[in-house]
Amino acid sequence: MNSTTTQDLQIDETALRAHVIVPSNILNITTEKIDLKQPPAHAIPHGPQVAHLNGAGFCNTLHAALKNSVTGYVMQLQQHGSVIYTLEWNWAQTPSDVATGWNPQVPMHVASLSKMITAISMTKVLDAHNISYDASIAPYLPHYWVKGPNIATVSFRELMTHTSGFTNGGADFLSVKAQVAAGVPLQKHAQYENSNFSILRILLSVIQGDIAVGATYAVPFNDQFWDIITINGYRNYVNANIFPQTGSNGTLAHNAGDALAYNSPATGHGWNSGDLSTVCGAAGWHFSVAQLLKIMGSFRRGNTIMSPAHAQQMLDNMFGIDWKVARPLDGAFTYSKNGLWENGSGQTEQAVAFYLPEDMEMAVFVNSPINAAANFLENVVRDAYNGNIVA
């Protein structure tokens, strides 16, 4: 087999030789390690009350918590799809680079917030093909992969909720291939692993028909062949079926105007985390806060990606999110997703997204650690939010 065309992509031996499955920019990376045990819900001492967010108080609290502790940040909060609060602080690129101030239109690599896009896409694909969320993933894995112990017990639901039993896995193609060969324990437990969502990228491409499950290319290029096709299959699906429904878009590449990652306090030039196509599914998407909120709002209420009832079911199933937590006073649920991407020098890009009661969504981007202690962004934002819920 000398060449093939898939998704209008011409693949030949030259392209395969040029493709690097594990590029240098994904080495020595630290990502978020989430404790999937749900934080304790707030007790409702006298029965549910009518409660609401004091938006001005929340903004004041959050700004005070971040402004002297980060290189820069941006936050937007929307209600019923319209932005009601915006906070901007300091540099997306410092004067040592291009001197770009933060604003809601500046894109940044959102790291594991990409998993929300993957979960939405995978859910749509499973629904379209009448495949149960609880179906085994085994029939859709590449035939040439070794299947380790108990792989047949792993379901799509378990991948989307980090309950598959995979452990200690990277997000690139070779890492997830090795994870599948190693297998999973029969008695599984929740553990946050990027590999779950990189596998979903491959499964999505197989189910969509971008590549046949038994497809092979001449040795030694089979892995490169599968990696290229599934990257493009995943990207093409999102570009065709998610972004057009939202009036927004994103890219797996890092463009010149995107935010750079810094230490806190910032010293020297910022870090460009680069094109992250090889870890797509688990990470890689670049959005601005404004773009991300359009996607979140369209997903939740737009009835274009899926029905609002189905979107709420996804959130309650915790597909592609980390936590579902009751807020103070009325016990209404908040749903959150975290993302962090850090190099060996501590230069960090991190983001958090919330689906909130009162028909609100919020996103916060920070392009450094939060002070020397590297406080957890989700905790900082949640504490500011919970502290401003009033009756």
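**Helix packing and lead points**

Helices α8 and α9 are roughly perpendicular to each other, a class that covers angles of 65 to 115 degrees, whereas angles under 35 count as roughly parallel, over 145 as roughly antiparallel and the rest as oblique. The model is a predicted one, in which local features need pLDDT of at least 70 and side-chain atom pairs count only at pLDDT 80 or more, while totals for chains, interfaces and linings use all residues. Residues are numbered from 1 along each chain as its sequence is written, and side-chain values use heavy atoms, with hydrogens and water left out. Helices (H or I, at least four residues) and strands (E, at least two) are DSSP runs, numbered from the N terminus.

**The α8–α9 contact**

- Helix α8 spans residues 289–302 and helix α9 residues 308–317; they pack at an angle of about 115°, and their axes are 7 Å apart.
- Here the axes are lines fitted to C-alpha atoms, for helices over the stretch in contact, and angles run from 0 to 180 degrees between N-to-C directions.
- On the α8 side the contact involves F299, R300 and R301, and on the α9 side P308, A311, M314 and L315, where contact means heavy atoms within 4.5 Å.
- The contact residues divide into five nonpolar, no polar and two charged; Ala, Val, Leu, Ile, Met, Phe, Trp, Tyr, Cys and Pro count as nonpolar, Asp, Glu, Lys and Arg as charged, and the others, Gly among them, as polar.

- Helix α6 (residues 195–207) has 13 residues and reaches 18 Å from its first C-alpha to its last, close to the expected 18 Å; the expected span is 1.5 Å times one less than the number of residues.
- Because 13 of the 13 residues of α6 are buried, this helix is largely enclosed by the rest of the structure; buried means under 20% relative accessible area, exposed over 50% and partly exposed in between, with a 1.4 Å probe and protein chains only.
- After α6 comes G209, whose phi is positive, near 85°.
- Helix α10 is also described as largely enclosed by the rest of the structure, because eight of its ten residues are buried.
- The buried residues of α10 are L377, E378, V380, V381, R382, A384, Y385 and N386.

**Salt bridges**

- The count comes to 13 salt bridges, each defined as a side-chain nitrogen of Lys or Arg within 4 Å of a carboxyl oxygen of Asp or Glu.
- R17 and E13 form a salt bridge with an N to O distance of 2.9 Å. The two residues are four apart in helix α1 (residues 13–18), and are therefore separated by about one helical turn.
- R17 counts as exposed at 58% relative accessibility, whereas E13 is partly exposed at 35%.
- D330 and R327 also form a salt bridge, at 2.9 Å from N to O. D330 is buried, with a relative accessible area of 18%, and R327 counts as buried at 1%.
- E378 and R382 are joined by a salt bridge of 2.6 Å, N to O. They lie four residues apart in helix α10 (residues 377–386), about one helical turn, and both are buried.
- Salt bridges that share partners join R300, R301, D359 and E361 into one network.

**Surroundings of R157**

- R157 lies in helix α4 (residues 156–160) and is partly exposed, with a relative accessible area of 26%.
- Not counting residues up to four places away in sequence, R157 touches Y133, D134, T163, N317 and F319.
- R157 and S277 are 120 residues apart in sequence and 24 Å apart in space, C-alpha to C-alpha.

**Backbone features in loops**

- The peptide bond from S264 to P265 is cis, with omega near 0°; P265 is found in the loop between α7 (222–241) and β9 (286–287).
- M318 is not a glycine, yet has a positive phi of about 65°. M318 is located in the loop between α9 and β10 (323–326) and counts as buried at 18% relative accessibility.
- N371, likewise not a glycine, has a positive phi of about 60°. N371 lies in the loop between β13 (360–366) and α10 and counts as partly exposed at 24% relative accessibility.
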